[in-house]
Amino acid sequence: MNLIILTPQDCSQANIANLTGRRLQHVLEVHQAQVGQQLRVGMLNGLMGNAEVVHLDKQSLQLRFELDQAPPAKLPLTLLLALPRPKMLKRIFQTVATMGVERVVLMNSYRVEKSFWDSPFLQPDAIQEQLILGLEQGKDTVLPEIILEKRFKPFAEDRLSNLAGDSLKLVAHPMAQQSCPRDVQQAVTLAIGCEGGFIPYEVNLLAEHGFTPVGLGERILRVETAVTALIARLF
Ligand code: SAH
């Protein structure tokens, strides 16, 4: 936890936060903080700054904080992610928040296991929990936007063009002839398949909407590795 994320519910006064649970444990065990020590904090979806430990024991932590620094800019990236299996999804939520992805669309595709849509990890609270872990790691306060699209065709045909706008549109596909561009200086919309990959119909439909298939070489990466490798390559 490189940044302790606060919410308005934590604050008894404008600049005082009282923490228990996971954040208290972390400050006790990992920071091994003492009264008077300074810690980095940020308000969820708000500014970041410093906090002084006012009180600390095994039951509670009180911080007096001052917020004066804007969070880092997001990457101008929308990820279209065919819904991966729940365990991987959990880690991907953390990774995208840490790396500063602006928006993630979790979409259906032919090879997505239908039961994954019923996963408890897709509940709004569960999503937010993982995103906050990622923000704490990356030192950011702003939650990425998460959109669920349970049907591929209506999404691709009716909403995708608007969503992608005039961004660079790419679909990551191991069989692509073209290799993934590096250091792009514009907004990107990037589609990534699930464990089974995209079927040709889906790649074609995306291509009809301006998406160019791009690859990262002949090795097939796990979805979570592909997400990280593609983001690092693009930006
Ligand atoms: N059996 C599938 C593999 C899917 S890997 C197939 O052959 O398509 C899961 C997803 O990660 C892929 O759909 C793709 O979006 C991305 N990916 C993995 N390895 C990649 C590579 N070498 N180049 C581009 N994308 C890759």
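Q: Quick one to start: is glutamine 32 buried or exposed?
A: Glutamine 32 is exposed, with a relative accessible area of 56%. Bear in mind that this is a predicted model.

Q: Where is glutamine 32 found?
A: Look in the loop between helix H1 (21-31) and strand E4 (38-43).

Q: And what is the phi of glutamine 32?
A: Phi is near 45° there, which is a positive value in a residue other than glycine.

Q: Okay, let's zoom out. How many helices and strands does the protein have?
A: The secondary structure comes to six helices and 13 strands. The C-alpha trace spans about 60 × 40 × 35 Å along its principal axes.

Q: What share of the residues is buried?
A: Of the 235 residues in the protein, 46% are buried.

Q: How many residues surround the ligand, and which are the closest?
A: There are 18 residues around the ligand, and the closest are Ala172, Leu216, Gly217, Arg219 and Leu221.

Q: What does that shell look like by class?
A: The shell has ten nonpolar residues, along with six polar and two charged ones.

Q: Which polar backbone atoms lie by a nitrogen atom of the ligand?
A: One belongs to leucine 216, with a polar backbone atom 2.9 Å from a nitrogen atom of the ligand. Another belongs to arginine 219, where a polar backbone atom is 2.8 Å from a ligand nitrogen.

Q: What about an oxygen atom of the ligand, what lies 3.0 Å from it?
A: That would be a backbone N or O atom of glycine 193, which lies 3.0 Å from an oxygen atom of the ligand.

Q: How much of the ligand does the protein bury?
A: The protein buries 88% of the 550 Å² that the ligand exposes when taken alone.

Q: What does the side chain of glutamate 224 make a polar contact with?
A: With the side chain of arginine 91, at 2.7 Å.

Q: And alanine 232, why does that one count as exposed?
A: Alanine 232 has a relative accessibility of 51%, and exposed means over 50%, so it counts as exposed. Alanine 232 is found in helix H6 too.

Q: How far apart are alanine 232 and aspartate 183?
A: In sequence they are 49 residues apart, while in space their C-alpha atoms are 8.7 Å apart.

Q: Tell me about aspartate 183, then. Where is the place of aspartate 183?
A: Aspartate 183 is in the loop between strand E11 (178-179) and strand E12 (188-192). Its phi is near 50°, a positive value in a residue other than glycine. Aspartate 183 also counts as exposed, at 53% relative accessibility.

Q: Last topic: which helix is the place of alanine 207?
A: Alanine 207 is in helix H5, residues 200-208. At 38% relative accessibility, alanine 207 counts as partly exposed.

Q: How far is alanine 207 from serine 119?
A: The two are 88 residues apart in sequence and 30 Å apart in space, going from C-alpha to C-alpha.

Conventions:
Residues numbered from 1 in each chain as written. Predicted model: local features only at pLDDT ≥ 70, side-chain atom pairs only at ≥ 80, totals over all residues. Heavy atoms only, no water. Near = heavy atom within 4 Å. Polar contact = N/O pair within 3.5 Å; in protein donor to acceptor, adjacent residues only side chain to side chain. Areas by Shrake-Rupley, 256 points an atom, 1.4 Å probe, with all protein chains shown as cover. Nonpolar A, V, L, I, M, F, W, Y, C, P; charged D, E, K, R; others polar. Helix = DSSP H or I, 4+ residues; strand = E, 2+ residues; numbered from the N terminus. Buried < 20%, exposed > 50% of the residue type's maximum accessible area, 1.4 Å probe, protein only.
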